[in-house]
Amino acid sequence: GLNGEELELLIYDTQGSPEEAVRVVTKLAQEDDVDLIVGPMFSGECSAAGSFANNYKVPMMAIGTSASFMKEDWPYVYRATVNNSRAVPSTVKMMEGLGYEKIAIFHGQDDSANNVAKDMEAAWKESGHEVLLKESYDVGDTDFSAQAANIVAANPDAVYVSLVVDMTSVIVKQLRQSGYDGIIFSYEVMYTANIELAGGNNADHVAFTHPYVTYESLDDVPEDLTNMREFLEKFEERYGSLPETDGGYRGWDTMLVVAEAAKIAGV
């Protein structure tokens with residue numbers, strides 16, 4: 001329930017597909033006649049489905065992190081999660097604090113990754129520094145040895161990767177295998193599973209600006225993070241384990257905003 005009121009929960013899997021997200025939002029709005037849509041998870045899905053939710057005048061709490069879809073004129077589309085482009089200035093400050101001048105950027109072609117890479121390039125250059133090169137990959141690629149070799153040959157002070165989190169571990173591993181041993185900055189958190197996929201110590205010295213960290217146990221959560229501990233304690237009690245990704249964190253924060261909005265609206 002929410003604020004003492006019972007809710008009926010309908011769950012559909014958009015499968016990470018923009019097309020499926022549009023179908024699900026249409027079904028929720030037209031057939032199920034819901035009062036609120038929470039999701040989708042990925043920014044490409046949010047961009048595709050947002051206009052439909054807005055046209056149907058059904059509030060949609062998107063969970064994607066790209067800056068782009070929130071720039072649309074969609075008064076029925078909201079977000080309680082981080083805007084990844086807002087994290088760019090903090091990352092720039094981190095890199096400047098370490099005395100870095102020249103960086104390389106590796107990015108994906110999805111909406112969020114592409115936009116964050118553009119924001120990072122612009123912010124780094126505006127700060128008076130140099131982007132030596134930008135490398136990217138096409139969806140479905142798994143061998144990035146050529147891009148990694150180009151980055152190593154450019155000899156950057158640091159590498160900034162803007163990728164969906166599952167690909168980050170692959171890139172990190174291949175950069176290390178190509179001989180890059182410097183700091184890698186990412187716009188996404190690396191989950192425990194992704195650290196394992198990166199292999200051995202390859203994930204050491206990967207830094208990111210992100211509000212969520214996936215913990216292996218409650219003992220790892222700092223005592224002063226009381227809100228985080230409260231959520232994780234409830235999650236573990238319900239599901240028997242801690243969240244493996246930041247999806248649970250995003251959903252929790254989203255529902256806190258929904259609960260407060262419902263109070264203000266008197267519903």
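Val161 has Ser186 as its bridge partner in β7. This is a predicted model, in which local features need pLDDT of at least 70 and side-chain atom pairs count only at pLDDT 80 or more, while totals for chains, interfaces and linings use all residues. Residues are numbered from 1 along each chain as its sequence is written, and side-chain values use heavy atoms, with hydrogens and water left out.

Strand β7 (residues 184-186) runs parallel to β6, and 3 bridges join the two; strands are DSSP runs of E with at least two residues, helices are runs of H or I with at least four, and both are numbered from the N terminus. Strand β6 also pairs in the parallel sense with β4 (residues 102-107), over 5 bridges, and here Ile103 stands opposite Ala158. Two strands count as paired if DSSP finds at least two bridges between them.

How many of the residues of β6 (residues 158-162) are buried? The strand is mostly covered, with 5 of its 5 residues buried, that is, under 20% relative accessible area, where over 50% is exposed and the range in between partly exposed (1.4 Å probe, protein chains only). Ala158, Tyr160 and Ser162 point one way, and Val159 and Val161 the other. In a regular strand the side chains alternate between the two faces of the sheet.

Elsewhere, 3 strands form an open sheet in the order β1-β2-β3 with parallel pairing, and its edge strands, β1 (37-38) and β3 (77-79), each pair on one side only. Strand β2 (residues 60-62) is joined to β3 by 3 bridges, and Met61 has Tyr78 as its bridge partner.

Finally, Asp219 lies in the loop between β8 (206-208) and α8 (226-239), and Asp219 is exposed, with a relative accessible area of 76%.
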